[in-house]
Amino acid sequence: MDKYFIKGSEYIFGEKINEINNIGNIILDKAKNAGYKQVSTPYFEDYEVYRNYDKLDKLNMTKIIDKDGKILVLRPDATIPIAKIVSSKFEDEKEIVKLCYLTTIFREYKSPKSYGRDFLQGGVELFGKDSSEIDYEVINLSIDMLREIGFNNIQLDIGNIAFQEGFFQSLNIENNIKENIKNLIETKNINDIREYVEPLNINREDKDFIYALPKLFGEYNEIISKAKKYCKNSNMTKALERIENIYEIIKNEKLKIKVKLDLSFTNNLNYYTDLIFKVYAGSLHVPVVSGGRCNNLAEDFGKYRPCCGFGINVNLVDEYLDDDKYDDVIHIALAKGRVHKQAMKRFEECGLVFPEYSEKSRKLLFLDKSKKIEVILVKSQDVPIYVENGAADIGIVGNDILLEEQYKVYELMNLNIGLCRMATAKIKNTKIDYNKKVLVATKYPTITKNFFSKKGVSINLIKLNGSVELGPIVKLSDVIVDIVETGGTLKENNLVEDEKILDISSRLICNKVALKTKNKQVTNIMEILEELELKN
């Protein structure tokens, strides 16, 4: 029977329908009471409408070809079609248009509890006025909705994409290089940012700002003070002034929520122009509200109308409504074996004591003496899965695992432990003819394919889960790709290392939301580890 069910598509009935309808009704009622009129847009849209918005994942859009040969997509976004409606149906460009919606969005989403190909989204879009007061009105409405739904533990992150854009406009480098840097900033991978940026013809002051940008989030007063020192043009200054105005209104209105400043936000839908905000509620490890200002979007369809709005993922709200608590323990996933032993020694050198830990223990969870840090021992391949899904806040794992599969985590530090390399190996005294198709056995198909593809070598890849060294011995493969530390295992099996592919070391990774909601705890651990690095 399972063969008839599609992964990511859920059948909902009974009480669950009532719960979801109740959440949706609260969103619509709150919006209508604030003067918003409900709008409905078609399920299908012309694919051409979305082609200009690069950050929408076109590969994962659900497409069909209609009888006239036109490519259609199931609606992957609510804001774009609403902007199209406003531009075509409301003639007076000075008119303030306030619209609300509750509709299905056909886009993938993941949470620690579920995966979906579509979700119910409620939200608002306000067209026609650009001011800090409007920004606050929209933010406040989203928080009011969450409170009415039942959340008490709420955190608001605000930022301004114009601050970052103002900086990049001042850089005299090619657009594709700017986009590459922005993508690296989005991953918060400090090591890769440095490797990419350092050789570029950019002055030292600008390079230092690029390195600082991924860390420009946290407590409002601290971050705004740092950000002002980096302002190099009026666009950056105006962006910060706008944020200060919004924050001042929030403070004066005594909105009783945690407010953080995030200037590392990237334009993840590439139609935002300045304000971006995200709201986290309960223990949810993804933002339940995402919104901001997209002043130029309506102009894409003929009329300029500044716009501010947000969307709420109703499915996520329903999942986490009963989990409205804050966990102040920092959970660390470690790869069992050599890496976890070295990591635990590092923690010990940092003064962190885990009373029940010993290398011989069979336990998999250990609390430190303060009961504020928990270590979880898991298989190396599972570390990023635990971190991505919020079961762990941070993790320590080799970059081979991170390169093999794309995980939605931040890579914060190279810890320089678990040092080894990935290389090709062959039977001693044999010669491989790389002009012919080569049989390659490995546990790392992605890295292997990329390596041989760059060399222009054609391969047949054989995926193994263990004892890769046997491949050439039993004539399963010509060469292998595997991790090499001392080379002892290769030598024992009459193999020799042929060509190094990459150096491997353990990286500190972090759940994307934990970096915001547990910023102090994560930062403290980073600072301790960085200090230890300097001493060594």
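Let's start with Ser467, which sits in the loop between β22 (459-463) and α15 (470-473). Those labels are DSSP runs numbered from the N terminus, with helices being H or I over at least four residues and strands being E over at least two. Ser467 has a positive phi of about 50°, although it is not a glycine. Before I go on, please keep in mind that this is a predicted model: local features need pLDDT of at least 70, side-chain atom pairs count only at pLDDT 80 or more, and totals for chains, interfaces and linings use all residues. Residues are numbered from 1 along each chain as its sequence is written, and side-chain values use heavy atoms, with hydrogens and water left out.

Where else does a residue other than glycine have a positive phi? Asn494 does, with a value near 60°. You will find Asn494 in the loop between α16 (488-492) and β24. Asn494 counts as partly exposed because its relative accessible area is 44%. Buried here means under 20% relative accessible area, exposed means over 50%, and partly exposed is in between, using a 1.4 Å probe and protein chains only.

Strand β20 (residues 420-427) is mostly covered, with 6 of its 8 residues buried. Which strands does β20 pair with? One partner is β24 (residues 495-504), antiparallel to β20 and joined to it by 8 bridges. Another is β23 (residues 479-484), also antiparallel to β20, through 5 bridges. By pairing I mean that DSSP finds at least two bridges between two strands. If you want landmarks on your screen, Ala423 stands opposite Lys500 in β24, and Ala425 has Ile480 in β23 as its bridge partner. As a reminder, side chains in a regular strand alternate between the two faces of the sheet.

Let's move to another sheet. This one is open, has 9 strands with mixed pairing, and runs in the order β1-β5-β8-β14-β13-β12-β9-β11-β10. Its edges are β1 (37-38) and β10 (217-219), and each has a single partner strand, so one side of each is left without a neighbour in the sheet. For β10, antiparallel pairing with β11 (residues 258-262) covers 3 bridges. There, Gly218 stands opposite Leu261 in β11.

Val124 belongs to strand β8. Is Val124 buried or exposed? Val124 is buried, because its relative accessible area is 0%. Val124 and Phe310 are 186 residues apart in sequence, while their C-alpha atoms are 5.8 Å apart in space.

On to the charges. A salt bridge here is a side-chain nitrogen of Lys or Arg within 4 Å of a carboxyl oxygen of Asp or Glu. How many salt bridges does that rule give? The count comes to 32.

One of them joins Asp318 to Lys16, with the closest N and O atoms 2.8 Å apart. This pair links distant parts of the chain: Asp318 is in helix α10 (residues 314-320) and Lys16 in helix α1 (residues 15-33), 302 residues apart. Asp318 counts as buried because its relative accessibility is 10%, whereas Lys16, at 33%, is partly exposed.

Another pair is Asp130 and Arg242, whose closest N and O atoms are 2.5 Å apart. Asp130 lies in the loop between β8 (119-127) and α3 (132-149), and Arg242 in helix α9 (residues 234-252), so the pair ties together parts that are 112 residues apart in sequence. Asp130 is partly exposed at 37% relative accessible area, and Arg242 counts as buried at 17%.

Arg204 is partly exposed at 41% relative accessibility, and Asp208 is partly exposed at 37%. Elsewhere, salt bridges that share partners join Asp130, Asp135, Arg242 and Arg293 into one network.

My last stop is Asp300, in the loop between β13 (289-293) and β14 (307-313). Asp300 counts as partly exposed because its relative accessibility is 49%.
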